Amino acid sequence: MSLKTYFLQVKEVVQETADSVTIYFWHPLSEQIKYKAGQFITIIVPAGEGGKKVRRSYSMSTSPHSDTAIGVTVKRVEGGLVSNYLNDNVKIGDFLEVLEPLGNFFLEPDADATRHIVLFAAGSGITPMMSIAKSVLKMELNSRVTLIYGNRSEDSIIFKQKLEELEAQYGKRLGVHHLLSNSSDLWVGHKGRISQGIAIRLLKEADTDFDKDNFYLCGPVGMMEDIIAALGIYNVSKERIHKENFHTVMVEGETEETDDSLQTQTVKVKYNGDEYEFEVKPHQTILEAALDLNIDLPYSCQAGMCTACMGTCTEGKVKMDEEDGLTEKELKRGVMLTCVAHPITKGVVIEID
Ligand SMILES: Cc1cc2nc3c(=O)[nH]c(=O)nc-3n(C[C@H](O)[C@H](O)[C@H](O)COP(=O)(O)OP(=O)(O)OC[C@H]3O[C@@H](n4cnc5c(N)ncnc54)[C@H](O)[C@@H]3O)c2cc1C
Ligand code: FES
């Protein structure tokens, strides 16, 4: 899958909290970049060792329906290459290399709809929710939005003021419930993490119709699992639960684990008329092993979401950390995503179109 690359000029940089910035880009002169509320772009910057280019995905926090610029909000990750690079270096007028918007986590507003959209976010997981909330509030005059947003402390809440402004603008059509896990004594709002119990209580307070409403989740895996379990109690169907993983393996406070059953295997990848044979170690995905050897395979999100790294396993077997990005039909045909796949047998051969 070949993706369109843009060089976007930075229009504005806004410090949101001590450890997060929003970077606004001008659209290119030649075209208006199209995206859906909830989707992400991939930014490529020379943040690696010796200026090596590294790419990471960032969801738009702007709305395609109410914002003229495209904006992403980046929160620092301790020791993280790209999040710190973007927070420290980007200034107005810079050009950044960006891959076209992608992602299956989106909401397309419907002006005729009358519905209740429920958004759960934690930390930087607010970014796609901001885009979705602004889009629904602007485009669906009969719909309402509830946002349940977890953070550590008052000063780590990204978009606190913007959310207050939206509440003032849209009145009862927007309900924002903040939860803080480490609040000061002055905090009068909800305390603690978003757990099953709190999720159910807040959903009931927000007059949620569990038979009808749609739920959007973005935050640590543990939080999303808790919310899905809570929704399961009310038999909410899978189709009405939409989730975005910013990081496939990490949960706040957890470390990355290697599956003990994996062994170093040699795989063969056929791409663009070339054949590459290389070793994949147990802690690596097939894409990571290729990139370490400077083998230029296609990819974008590196999280099993966008399918930019899709290939077909024609011999041997692979195992994926995350299968949500593919349909059951594709999985049966041997379609796989190199960014989340590990070889589990000898003689794995992958063909990439
Ligand atoms: C579809 C998608 C959309 C995303 N949207 C946003 C967004 O809008 N805003 C945003 O700030 N980030 C977003 N991310 C996360 C972003 O892509 C990067 O993963 C993040 O900025 C860390 O990159 P890094 O290069 O700084 O850290 P790395 O150098 O990749 O990692 C450094 C260390 O931090 C750990 N780590 C990596 N990512 C995280 C994380 N998210 N939380 C905790 N630990 C982590 C790694 O395991 C490693 O130990 C998104 C990710 C995806 C897949
Ligand atoms: S790079 Fe996006 S799914 Fe693999």
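Strand E4 contributes the most residues to the shell around ligand 1, namely 4, where strands (E, at least two residues) and helices (H or I, at least four) are DSSP runs numbered from the N terminus. The model is a predicted one, in which local features need pLDDT of at least 70 and side-chain atom pairs count only at pLDDT 80 or more, while totals for chains, interfaces and linings use all residues. Residues are numbered from 1 along each chain as its sequence is written, chains are lettered from A and ligands numbered from 1 in the order in which they are written, and side-chain values use heavy atoms, with hydrogens and water left out.

Around ligand 1 there are 22 residues, of which Arg56, Ser57, Tyr58, Ser83 and Thr127 come nearest; a residue is counted as near if one of its heavy atoms lies within 4 Å of the molecule. Taken alone, ligand 1 exposes 910 Å², and the protein buries 81% of that, with accessible areas taken from the Shrake-Rupley method with a 1.4 Å probe. Two or more residues of the shell are given by each of strand E4 (54-59), strand E5 (70-75) and helix H1 (81-89). At least three residues of the shell come from each of domain 1 (5-102) and domain 2 (116-244), the bounds being those of an automatic or database domain assignment.

The second largest pocket (an open set of points on a 1 Å grid, with protein on both sides within 12 Å along at least five of seven lines) holds about 700 Å³ of space. Among its 22 lining residues, which have an atom within 4 Å of a point, Lys238, Ile241, Lys243, Asp324 and Gly325 lie nearest the centre. Strand E12 (241-244) and helix H7 (328-332) each give two or more residues to this lining, and the largest share, 4 residues, comes from E12. Domain 2 (116-244) and domain 3 (265-352) each supply at least three residues of the lining.

Conventions
On a 1 Å grid over the protein atoms alone, a cavity is a set of points where a 1.4 Å probe fits but cannot get out, and a pocket is an open set with protein on both sides within 12 Å along at least five of seven lines; lining residues have an atom within 4 Å of a point. Grid points are joined across faces, edges and corners, and a volume is the space filled by probe spheres set on the points.
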